[in-house]
Amino acid sequence: MDYDKIIGVNARKIPPSGIRKFFDIAAEMEDCISLGVGEPDFVTPGPFREAAVKSINLGKTQYTSNSGLKELRMAVTCYLHESIGVDYDPINEVLITVGASEGIDIALRALLNPGDEVLVPMPSYVSYSPCVELAGGVAVTIDTKAENKFKLTAEELTEKITPKTKALILPYPNNPTGAIMEREYLEKIAPIIIKHNLIVITDEIYSELTYGDQPHVSIASLPGMWERTILINGFSKSFAMTGWRVGYVAAPPELAAVMRKIHQYVIMCAPTAGQYAAVQALEHSFRNDYAEVREMKKQYNERRIYLVNRLNDMGLDCFEPRGAFYAFPSVASTGMTGEHFAEKLLYSKRVAVVPGSAFGASGRDFIRISYAYSIDAIKTALDKIEEFLQEIK
């Protein structure tokens, strides 16, 4: 049977994840240190786990409403009000999803007609462009630059807008670069977005993981932006709940209603026990001044500082990441591309990193290193990277 004639064109043409390629190789190697996967090394805090177990023991194992548990949606709206100063109606404007990933997918499917263009700043999370293509749209990449600390500039945005442009994905704090967009930068792009009547899909999954004096700012909080923003967030990164698969979308009611329809048909609802864990994650955190989140963030910050200093000291130029838990050093000084560097490092030193090209062509000369690992693992891996650099001189 000729399956090329059977498999859908859009599904066939999207590439496999560049992250998984190196992770799968590393998983088969003995004594390999992997700094490749963007997953917290912390166990989900005890009170969150206990809430899920309690819900199961009480027999709360049925579907929830399509939109998610009402108490979770209410907790989300309280969290968004307190953290970014934006108000949403928990009944009509918040939808609980299977991770932030589902939120990205249904947001794009709700918006796009065939041929609509979506602007995607690069380097960025590997799923954005494929999800645009699967929804029938056209992903138009915007190459951000290290000299601008990988922020999206007004000039870069303006240059890529055409009459077909429908939406902008705003991936900050950024995976893989660790870049953030401070208020002053958001204020420069917001008038352009409004002028061209674009919708913004803002992925704020790393919103709690920013470092420095300035808190995370959501573009939804800027004047004129609430009505044209789909905000996506979740519990995976900031609350160490990757496997629970609970996220959420907050949007104007007209957009939320369309996303809810898609969600009803393809998902039904997010995992029930995970939703009860998420309720506790927010309510417990409210009561305890985010103690568990702050402790995880403190440890990430210590690793971040150590990692970036070591990389720069060994000659791998790395700007200071201010969000998420990734460093994005350039390997151009070695004369290798990121992919060549990552492959040689993996086989010669059994250290796995991700080539920057996995996150777009503009990441060609970079590698992504996650510091969501113990400081001992990071130190050992960096020692091996330093040995590798000495050997290839």
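This report covers charged and aromatic side-chain contacts in a predicted model.

**Salt bridges**

The whole structure holds 13 salt bridges. One of them joins the side chains of Asp289 and Arg294, at 3.7 Å from N to O. Asp289 is exposed, with a relative accessible area of 53%. Arg294 is partly exposed, at 44%.

Lys349 takes part in two of the contacts described here. Its side chain meets that of Glu387 in a salt bridge of 3.2 Å, N to O. This pair links distant parts of the chain. Lys349 belongs to helix H12 (residues 338–349), Glu387 to helix H13 (residues 375–392), and 38 residues separate them. Lys349 counts as buried, at 14% relative accessibility. Glu387 counts as partly exposed, at 40%.

Lys349 also meets Glu391 in a salt bridge, at 2.8 Å from N to O. Glu391 lies in helix H13 and Lys349 in helix H12, so this pair ties together parts 42 residues apart in sequence. Glu391 counts as exposed, with 53% relative accessibility.

Elsewhere, salt bridges link Arg310, Asp383 and Glu386 in a network.

**Aromatic pairs**

A search of the whole structure finds 17 aromatic pairs. Among them is the edge-to-face pair of Tyr206 and Tyr326, with 5.8 Å between centres and 80 degrees between planes. Tyr206 sits in the loop between strand E6 (199–203) and strand E7 (229–234), and Tyr326 in strand E9 (residues 326–327), so the pair ties together parts 120 residues apart in sequence. Tyr206 is buried, with a relative accessible area of 3%. Tyr326 is buried too, at 0%.

Phe235 and Tyr248 form another pair. Their ring centres are 5.9 Å apart and their planes stand at 65 degrees, so the pair is edge-to-face, the cut-off being over 60. Phe235 lies in the loop between E7 and strand E8 (247–250), and Tyr248 in strand E8, so parts 13 residues apart in sequence are tied together. Phe235 counts as buried at 1% relative accessibility. Tyr248 counts as buried at 2%.

Ring pairs also build a cluster: Phe42, Tyr206, Tyr300, Phe325 and Tyr326.

**Charges over a ring**

Tyr185 has lysines over its ring, as the table shows.

| Charged residue | Ring | Distance to ring centre |
|---|---|---|
| Lys151 | Tyr185 | 4.9 Å |
| Lys188 | Tyr185 | 5.3 Å |

Lys151 lies over the face of Tyr185. For Lys188, the charged end sits over the ring.

Note on methods:
Residues are numbered from 1 along each chain as its sequence is written. This is a predicted model: local features need pLDDT of at least 70, side-chain atom pairs count only at pLDDT 80 or more; totals for chains, interfaces and linings use all residues. Side-chain values use heavy atoms; hydrogens and water are left out. A salt bridge is a side-chain nitrogen of Lys or Arg within 4 Å of a carboxyl oxygen of Asp or Glu. Buried means under 20% relative accessible area, exposed over 50%, partly exposed in between (1.4 Å probe, protein chains only). Helices (H or I, at least four residues) and strands (E, at least two) are DSSP runs, numbered from the N terminus. Rings of Phe, Tyr and Trp (its six-membered ring) pair if their centres lie within 6.5 Å; planes under 30 degrees apart count as stacked, over 60 as edge-to-face and the rest as tilted. A charge sits over a ring if NZ of Lys or CZ of Arg is within 6 Å of the ring centre and within 35 degrees of the ring normal.
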